[in-house]
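Work through these exercises with the structure open beside you. Try each task before you read its solution.

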Amino acid sequence: MIRNVIFDFGAVLFEWKPTKIVQTYTDSVFEQEMLLNEVLYHPDWVALDRGTMLMAEVIPKFAARTGFPEARMEDFFEHIQNSLEKISLTESIFYKVLDQGYSLYYLTNMSNAFFDTLNERHPFISFFKGGLVSGNELVIKPEAEIFELLQARFELDASESLFIDDNEENINTARSLGFKTIHFDQSSDCYKLIKSTLNIN
């Protein structure tokens with residue numbers, strides 16, 4: 001029996017489309033490729049998500065690597081945060097799940113600064129019973145440690161918990177630890193599967 005539902009944030013509850021992010025920031029194809037490869041897809045971005053580097057550390061590094069002035073890199077980071085818009089269909093599912101009495105948790109790879117911004121902008125996050133942000137924990141999905149930490153901190157039984165994430169590696173780790181899982185893709189079939197799994201309309 002499922003008692004807990006665990007949501008990822010990026011590309012599940014909030015839009016996360018790196019290509020769109022860079023395309024809406026600059027018309028220069030050269031700059032778009034640079035921002036993708038030297039910022040969003042760079043190992044330093046993973047370090048930011050993991051919490052082993054802070055925003056104040058990575059922005060100068062990204063600026064130096066791309067040749068952007070630091071002020072412009074700060075502007076790009078602001079643009080990234082503004083691009084994290086709610087996915088309305090998932091938000092609707094979120095409230096239906098909440099109304100059915102499930103305990104809701106989040107498990108997201110994200111810097112603590114980005115999470116703090118989302119938390120300030122979106123009051124619905126307060127309805128979660130709890131959750132983990134990788135940037136605060138120094139561990140990151142798909143590492144098993146972050147799932148085990150979630151279980152320990154909130155006393156969750158994996159067999160009673162449904163984990164919803166867009167990343168297949170994360171899903172595989174969760175499944176190996178005994179969680180029920182749904183690989184999220186924003187399709188109508190995926191939303192139907194969530195509803196049928198949780199017996200909601």
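**Exercise 1: strands and sheet**

Find the partner of L107. In β3, L107 has L132 as its bridge partner. The model is predicted: local features need pLDDT of at least 70, side-chain atom pairs count only at pLDDT 80 or more, and totals for chains, interfaces and linings use all residues. Residues are numbered from 1 along each chain as its sequence is written, and side-chain values use heavy atoms, with hydrogens and water left out.

Now place that bridge in the sheet.

- Step 1. Strand β2 (residues 103-108) pairs with β3 in the parallel sense, over four bridges. Two strands pair if DSSP finds at least two bridges between them. Strands (E, at least two residues) and helices (H or I, at least four) are DSSP runs, numbered from the N terminus.
- Step 2. The open sheet has five strands in the order β3-β2-β1-β4-β5, with parallel pairing.
- Step 3. β3 (130-133) and β5 are at the edges with a single partner strand each, so one side of each lacks a neighbour in the sheet.
- Step 4. From one strand to the next, the twist averages 15 degrees.

**Exercise 2: ring pairs**

Describe the geometry of two aromatic pairs.

- Step 1. Rings of Phe, Tyr and Trp (its six-membered ring) pair if their centres lie within 6.5 Å; planes under 30 degrees apart count as stacked, over 60 as edge-to-face and the rest as tilted.
- Step 2. F7 and F94 have ring centres 6.0 Å apart and planes at 55 degrees, so this pair is tilted.
- Step 3. F7 is in strand β1 and F94 in helix α6, 87 residues apart. Both F7 and F94 are buried.
- Step 4. F184 and Y191 form an edge-to-face pair, with 5.5 Å centre to centre and 85 degrees between the planes.

Terms used. Axes fitted to C-alpha atoms, helices over the stretch in contact; angles between N-to-C directions. Buried < 20%, exposed > 50% of the residue type's maximum accessible area, 1.4 Å probe, protein only.
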